Amino acid sequence: MTESAPGSLLREVARLYTRAQRVVADCCRTTSTQCHLLTELGRSGPLPLSELGTRVSLEKSWVSRAVEAMAARGLVSKEPNPLDARSWLVTLTADGERTVRELNQTLDDHAQQLLATLSERERAAVETSLLTLLKALREDPAATCCLPPSSPPALREPTQDSKPCC
């Protein structure tokens, strides 16, 4: 790997940062899949089971098993979707919301500790670069293809054009 090539460098940073965050957070005492689902629900609010899977790029069977396990632990509730009788609506419970808050705080603290190892000038440069990269990712169809337009209406009618593009 040529670490100076921008693509390789970005992938290596993402890989190492993701690994470090998993270790630091111990992924909220859940599986990695459950952790992704919890944080997505924390970000977006209640979602139909199928949309939850689309947003985290996981197959329905993985999502269904993970949601059942989280429901058994009291982290989420799974109820019939009032807008589509054929689907389930997944919602964080109070314990699930607390778990997501704790997880986010742990991950934010880790990021702060990591950035604290840099000089003030380096931190400013990293922050500027991250904001620039975030802007580019939000405009990239590959990064946003499975997400609804900016919005979180939690209960949404399925639409003809809501097919995933990924």
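**Figure 1. Helices H1 and H5 are oblique to each other****.** The word follows from their angle, because under 35 degrees counts as roughly parallel, over 145 as roughly antiparallel, 65 to 115 as roughly perpendicular and the rest as oblique. Here H1 (residues 6-25) and H5 (residues 94-116) pack at about 125 degrees, with their axes 10 Å apart. Each axis is a line fitted to C-alpha atoms, for helices over the stretch in contact, and angles run from 0 to 180 degrees between N-to-C directions. H1 passes H5 in a right-handed crossing, where right-handed means that the near helix is turned clockwise from the far one by less than a right angle, and left-handed means anticlockwise. Look for Tyr17, Ala20, Gln21, Val24 and Ala25 in H1, which meet Leu103, Thr106, Leu107, His110, Ala111 and Leu114 in H5. Contact means heavy atoms within 4.5 Å. By class, this contact of H1 with H5 has eight nonpolar, three polar and no charged residues. Ala, Val, Leu, Ile, Met, Phe, Trp, Tyr, Cys and Pro count as nonpolar, Asp, Glu, Lys and Arg as charged, and the others, Gly among them, as polar.

**Figure 2. The whole protein is shown as a predicted model****.** In this predicted model, local features need pLDDT of at least 70 and side-chain atom pairs count only at pLDDT 80 or more, while totals for chains, interfaces and linings use all residues. Residues are numbered from 1 along each chain as its sequence is written, and side-chain values use heavy atoms, with hydrogens and water left out. You can find seven helices and three strands, and from the N terminus on they run α-α-β-α-α-β-β-α-α-α. Helices (H or I, at least four residues) and strands (E, at least two) are DSSP runs, numbered from the N terminus. Of the 166 residues, 27% count as buried. Buried means under 20% relative accessible area, exposed over 50%, and partly exposed in between (1.4 Å probe, protein chains only).

**Figure 3. Helix H2 meets helix H4****.** The contact is made by Thr33, Gln34, Leu37 and Leu38 of H2 and Trp62, Val63, Ala66, Val67, Ala69 and Met70 of H4. Those residues divide into eight nonpolar, two polar and no charged. H2 (residues 32-44) and H4 (residues 60-72) pack at about 80 degrees, with their axes 10 Å apart. That makes H2 roughly perpendicular to H4.

**Figure 4. Helix H2 also packs with helix H5****.** Their angle is about 100 degrees and their axes lie 10 Å apart, so H2 and H5 are roughly perpendicular to each other. On the H2 side you will find Cys35, Leu38, Thr39 and Gly42, and on the H5 side Thr99, Val100, Leu103 and Asn104. By class, the contact of H2 with H5 has four nonpolar, four polar and no charged residues.

**Figure 5. Serine 57 sits in the loop between H3 and H4****.** Helix H3 covers 49-55. Phi of serine 57 is near 55 degrees, a positive value in a residue other than glycine. Serine 57 is exposed, with a relative accessible area of 59%.

**Figure 6. Leucine 58 is in the loop between H3 and H4****.** At 27% relative accessibility, leucine 58 counts as partly exposed. Not counting residues up to four places away in sequence, leucine 58 touches Thr33, Gly53 and Val63. Leucine 58 and leucine 37 are 21 residues apart in sequence and 9.7 Å apart in space, C-alpha to C-alpha.
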